[in-house]
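User: I'd like to learn how to read helix packing and chain contacts in a model like this one. Could you take me through it step by step?

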Amino acid sequence: MNVLLAIVTGGLFGAGVFMLLRRNPFRLIVGLALLANAINLLIFTAAGLTRARPPLIPTGAEIPPENMADPLPQALILTAIVISFGLLAFTIVLFSRTFETLKVNDFAEMKERDE
Amino acid sequence: MLFALSAVFLMAMAAPWLGRLPSRMAGWVLSLVPLALTFFFLGKLGAVADGRTLTESWPWVPGLGVDLSFYLDGLSLMFTLLITGVGTLIFIYAGRYFHEAPAGRFFLWLSVFTGAMLGLVLAGNLITLFVFWELTSISSYFLIATDHKKESARKAALQALLVTGLGGQAFLAGSLLLGMAGGSLEIADLLTRGEAVRSHGLYLPALLLILAGAFTKSAQVPFHFWLPSAMEAPTPVSAFLHSVTMVKAGVYLLARLSPVLGGTEAWTVTVAAIGCVTMVAGAVMALFQSDMKRLLAYSTVNALGTMVFLLGIGTETAVKAAIVYVLVHSLYKGALFLVAGVVDHETGSRNVTSPRRLFRKMPIIASSAVLAGLSMAGLPPFFGYIGKELIYEGALKAPFAGFLLPTAAVTANLFLFATAALLVLRPFFGGTGETPPFHISPPEFFLGPAILGLSSLAVGIFPGLVDSTLIAGATKSVLAREIPVHLALWHGINTAFLLGILTFGAGVLLYAFRDSLERCLQGATRFAALGPARWYEWSLAVLNGTAVRQTRLLQHGRLNLYVLILFMTIAGLGLYTFFRGEGGWVLPNLLDARISEATVAGLILASAFLSIASPSRLAAVVAMGGVGYGVALIYVQFGAPDVAMTQFAVETVTVILFVLVIHRLPSYVRLSSRTSRMRDGIIALGTGGLMTLLVLAVLETGNESRLSGFFAEQAYPEGHGRNIVNVILVDFRALDTMGEITVLSLAGLGVYGLLKIRKRKEG
């Protein structure tokens, strides 16, 4: 499964980068969303996978069970998801405002308007 | 010595306030500090003449072997006395020179310069020396541009700063190499390790770099051009920085390091040759100037060349001659510059070729000019005569190059003779025109020229005033051994004397034919236009042009290209590193995936492809949501229910957000060409492939996180929670989470703000 997820991660990265290179702002935002998922998956996979053993301490016990999933990457990813959501929301609104003001949907043209 | 130096810098701090006084008064008040220092250092004369060196040291950056240390021996003392002595006169003079305008800022920089220059000649550590060296360049920059509203002044200031600044960098590099070769940056240590340094492999690069620093500072050909340009500075500055002190810093450095670096073939050839060329070129160019200050500047180039030339020869006689000439030149050139300043100030013209009868207008000034001019021409009984005789002797006794060196020395001196005649005769005594009204200049103006001019005479008649103290001490520092120094006007009839007579005769002839010679040489000025000053302008233009082109090339403002370059670099460098390292790791088993997991993976990849390939915006957004949900399913299967829940929620909100604004966004046209899509596709594939390899490589190495174990064990006892991920977020890394919340609320504020602007515009 590791190999499969590595390929998925790479695929998502590729798709994200490709979209980041588009001239249409809308595609760029989609690219950002894809890239965010790719990065989270990278952290998750690289930390090592454990099937179906969430890092929970059973009632009554003080010490977590053996061989459970690593809690640290999960905590990191949780933070990352929320942050990238903030970024994405801001970018969407920013570009929709830009379009309303400039009536341009091409980065190349946007640059010329700027000058 | 630290105390003396601090006094000068304190004076610099006080200068802006004192500048509010009438300038005249400020000049007198400020001159008290250098005057006091002159007496302070005169008090050290006895000890130094006895052969002692005074040192002081404070740790500064001990880890790098850099100390704030001072080193006072005969050589430093001579330069110190020149700086404080002439400095006193300059401050008095400048007060009068600026009597119309407030001069606080000028006095500030003049004081900073005085301090820096003192620090330079007193420094006992190469790095300390470098710091003061640069400080003199910087204060020189501000002083040249005193009249900052004039473009030519600003240009000249920048030129001087760039040329000496580049040399300063070379000097720093050279010092560091020298420090490596000698094992210490302390001058006192290096002076005892000359043999080891000269046989070290780094000797040659260190030598060349240090020479580059000294040659730029001391205006040696081909770096001489900044000095005549620097004549844009007010005359007190030209007199002080650009003739008596700062330009001699390079000479000082050569003299200071000559026991360490000198004596080798590389030293002799480079230093003597450059000095010789500069000596002759400076003298020849000086004669054909019409501006008094530029004439003096070129003759300063000649004098600096002479000193460097003599230090390059490096024999006992030559070194003695160099030291004597430092003193000779400072006395006459300081006086002549101050005279030029008065002439400019009171008549508004500095032309030397047109005859004026200024002797009647300013008799004291004119007399001082005569005294200094006679010393410059090298006539007895002036100090300049002794200097010239020694130069000839040094050149005659040089152990190489035969008659070439004496010839060069005589040529330079006969031009210098004619220049001196031109400078003194025409403006003050020339012509038969009407006599200007009689007028005594204010004492601030004639004090400096008179004292310096009379000194040239006094020291010439009584060389015993300086020879066994100043000159002997300084010569001993340069040669690293004691030699008897007895200066006298009359040495009997010898070759040097005969050459002196030859110089006199030929000089008179040269002066008589100067104007016709100038007409003949007019064609040659065209060649002069191709000289180093042009190289400087050209390289500056090329540098600026390159900077502009490079900025245009890299900072084009196209977002896509920035991103393109970024990812190209990441993919390129990353993949290169991967394939350069030992490859051949075993591919882990593909088949350990369960069917459910493989299905999810396939779903993600298919959605990702759909989201980039779909021609419809809505479909792209839905496919993007599909990717998010798929990733969430992975989290579910591998023991991360909290993450999965958050992911589901966020993904849903994101898609809703997209759908809400989708009608406001532009329609989906295909903008890029086929080739650019191909290119982007290759970069995307490269980056994606790199990431896949990265994950595999990380998994290969295996990792044991000690942190995870700690969190897991302490979650319940310390954090009182059973969900370890939650405990990490709100307990162990609570501060991070707070930061995250802050970011999110800021983003929310931003979104709100952007929406609000629209409402107001619509309403």
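Analyst: Happy to! Angles under 35 degrees count as roughly parallel, over 145 as roughly antiparallel, 65 to 115 as roughly perpendicular and the rest as oblique. The axes are lines fitted to C-alpha atoms, for helices over the stretch in contact, and angles run from 0 to 180 degrees between N-to-C directions. Helices themselves are DSSP runs (H or I, at least four residues), numbered from the N terminus. This is a predicted model, in which local features need pLDDT of at least 70, side-chain atom pairs count only at pLDDT 80 or more, and totals for chains, interfaces and linings use all residues. Residues are numbered from 1 along each chain as its sequence is written, with chains lettered from A and ligands numbered from 1 in the order in which they are written.

User: How do α1(A) and helix α28 of chain B cross?

Analyst: Their axes come within 10 Å and cross at roughly 10°, so α1(A) and α28(B) are roughly parallel to each other. Two residues are in contact if their C-beta atoms, placed from the backbone, lie within 7 Å. Here α1(A) contributes residues including Leu4(A), Val8(A) and Phe18(A), and α28(B) residues including Ala601(B) and Leu605(B). The contact has 13 nonpolar residues, one polar and no charged, where Ala, Val, Leu, Ile, Met, Phe, Trp, Tyr, Cys and Pro count as nonpolar, Asp, Glu, Lys and Arg as charged, and the others, Gly among them, as polar.

User: How many residues of chain A are in contact with chain B?

Analyst: 78 residues of chain A are in contact with 88 of chain B. α3(A) supplies the largest share of chain A's side, 23 residues. That side divides into 51 nonpolar, 16 polar and 11 charged residues.

User: What about a pair within chain B, α14(B) and α20?

Analyst: α14(B) and α20(B) pack at about 25° with axes 8 Å apart, and are therefore roughly parallel to each other. Their contact has 14 nonpolar, two polar and no charged residues. Among those making it are Met279(B) of α14(B) and Phe415(B) of α20(B).

User: And how many residues of α10(B) are buried?

Analyst: A residue is buried if 20 or more other C-beta atoms lie within 10 Å of its own, exposed if 12 or fewer, and partly exposed in between. In α10(B), 12 of the 15 residues are buried, so this helix is largely enclosed by the rest of the structure. The buried ones include Tyr203(B) and Phe215(B), and they pack against α7, α9, α13 and α14 of chain B. Just after α10(B), Ala219(B) takes a positive phi of about 50°.

Definitions and conventions:
Helices (H or I, at least four residues) and strands (E, at least two) are DSSP runs, numbered from the N terminus.
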